[in-house]
Amino acid sequence: MKTSLCALMVAMLLFSCKKRQEVDTIVFNAKVYTVNSGFETVEAFAVKQGKIVELGSTEDIKNKYTAKDEVDVSGETVYPGFIDAHAHFYGYGQSLQAADLRDTKSWDEILQRLLAFAKTHPDGWLIGNGWDQNDWVDKAFPTNEKLSSLFPNRPVFLNRIDGHAAIANQRALDDAGIRGKQELTGGDMLSLNGKLTGVLIDNAVTLVESKIPSPDAKLAEKIFTDAQKNCFAAGLTTIDDCGLSYLAVEFIEKLQKENKLKMRLYVMLSDQEDNYKYLFARGAVKTDRLNVRAFKVYADGALGSRGACLLHQYSDMPKKTGFLLSNPKHYEDVARKIASNNFQMCTHAIGDSANRTILKIYNNILKGKNDKRWRIEHAQVVNPNDFDLFGKASVIPSVQPTHATSDMYWAGQRLGAERLKSAYAYKQLLKQNGWIPLGTDFPVENINPLLTFYAATVREDAKGFPKGGFQTENALTPEEALRGMTIWAAKANFEENEKGSLEKGKFADFVILDHDILKSSPQHILKTKVLKTYLNGEKVYEAK
């Protein structure tokens, strides 16, 4: 009898083993936020050939599937791979090769950092990124006398944190052929007592920046791969790179074919004629890792450098309203050209005047509800009378929550109390279409998507300022914030059927964190660590 029972058990075990299907990876013992339509959680899922084949309980998945790679998450939380809906991936990689001027507290501190950086980078242009005079005791723009004195024979070019202003030394101005102030559309050269200070605003920046030699192929590869390494470590699996040339796209394709660049990229081409000709002739580019179907257009500059185009004067600088970077006819012509070729238009608009100008053009061309998914990047200051222009033409506000917590210390000075009420208004913008993609604008802000989640939901800085949060009527719920960083960001790219949630048939892009950010206290969110990042079922990062 005992022999028969043992034989039966062995037979059942063998039958069970034969029944289990082979897959590449099983993830189990987890709390998995699927971010599907029902925002359901599961314990496990199976992956084969880079895609999810099934989700369910740990018991069900392990009974049905077998895999060489079994990932026991031990109760930690799993999320869809984070998607940054607005960033500068290549620009971030470039910034890693330059002097880091972020978090400096004075112009003298910047000069000291440059002297140290120059010792280890002695050749060519001296480049720096990230200074912000709003962080200094003296909040006035600097002048370049000391910079020119320290580096009389080497051109120096230092980008402000927002990328919409820079300061150049005299050698850089000379190399760019700038002898005196020039009148520009959508730009300015600051002067003091009739002499250029070296500070360049918006379109003036290009006059000098265009003279900086392009990186060779070896450096360009390092720029991309350095950026990729840090983004994977932050749990990012897709990046929207806002404003590249078609030549950059071709280089990306080369690196991806060589499997040197694995990051999924949604690339917006810059508003330049050769880019339009290229993509209109070639058609949209779409692979599993690269999607090129959009154009990035700039309406105005940034609020911090007072280049944002406002309907009324800046509260802290009467008679100044900022400016559009081109005339309205240019934006209308571009919009018609993009629409007629069935591509996506994504326009940077910070000030309420810039937002109104672009929204009216969009509404005139799109003519009501549609699925073109044209975007306003930033939508930072919106006149209360203009919010409905988003919903009327299904225009997508693509916002960056950390801008609110970075700008909140001085935004009121620029805008005044009344105008500030409809700035950084993410909840109001969410209501327009029922969904909203979130990004960072890195390297303007930190690449960490957990800071996006924190800023969107808590609306405080890391020290808990201001107590109770900044304009919390426009805070997002944890679920809304997570959707904004995953499925809604994918939707903004027309990619919601392949990524952005953990569902059967979608890419196995996921991240494992050591805290459940949807249930954590604000301070625990800030302490959360990325344990592992997977892209296409492949582990691309693991914490040491």
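Me: Which residues of β11 point the other way from V156, L158 and R160?

Reply: This is a predicted model, where local features need pLDDT of at least 70, side-chain atom pairs count only at pLDDT 80 or more, and totals for chains, interfaces and linings use all residues. Residues are numbered from 1 along each chain as its sequence is written, and side-chain values use heavy atoms, with hydrogens and water left out. V156, L158 and R160 share one direction from β11 and are buried (under 20% relative accessible area, with exposed over 50% and partly exposed in between; 1.4 Å probe, protein chains only). Also buried, but pointing the other way, are F157 and N159.

Me: Which helix does the chain pass through from β10 to β11?

Reply: This β-α-β crossover is right-handed, which means that, with the strands pointing away from the viewer, the path from the first strand over the helix to the second runs clockwise. A helix here is a DSSP run of H or I with at least four residues. The one crossed, at residues 145-150, is α5.

Me: What is the bridge partner of L158 in β12?

Reply: β12 (residues 165-168) pairs with β11 in the antiparallel sense over 3 bridges. The hairpin of β11 and β12 has 4 residues between the strands, and G163 there takes a positive phi near 75°. In β12, L158 has as its bridge partner I167.

Me: Which two residues touch the most other members of the largest nonpolar core?

Reply: A nonpolar core is a set of buried Ala, Val, Leu, Ile, Met, Phe, Trp, Tyr and Cys residues joined through side-chain atoms within 4.5 Å. The largest one has 130 residues, and helix α12 (residues 352-366) gives the most to it, with 7 residues. Leaving aside neighbours within four places in sequence, L114 is in contact (heavy atoms within 4.5 Å) with residues including V156 and L158. The two that touch the most other members are L114 and L158.

Me: Which strands are the edges of the open sheet of 6 strands?

Reply: The order is β3-β2-β7-β22-β23-β24, with mixed pairing. Within this order, β22 (residues 510-513) and β23 (residues 530-535) run antiparallel, joined by 4 bridges. The strands that pair on one side only are β3 and β24.

Methods: Pairing = 2+ DSSP bridges. Helix = DSSP H or I, 4+ residues; strand = E, 2+ residues; numbered from the N terminus.
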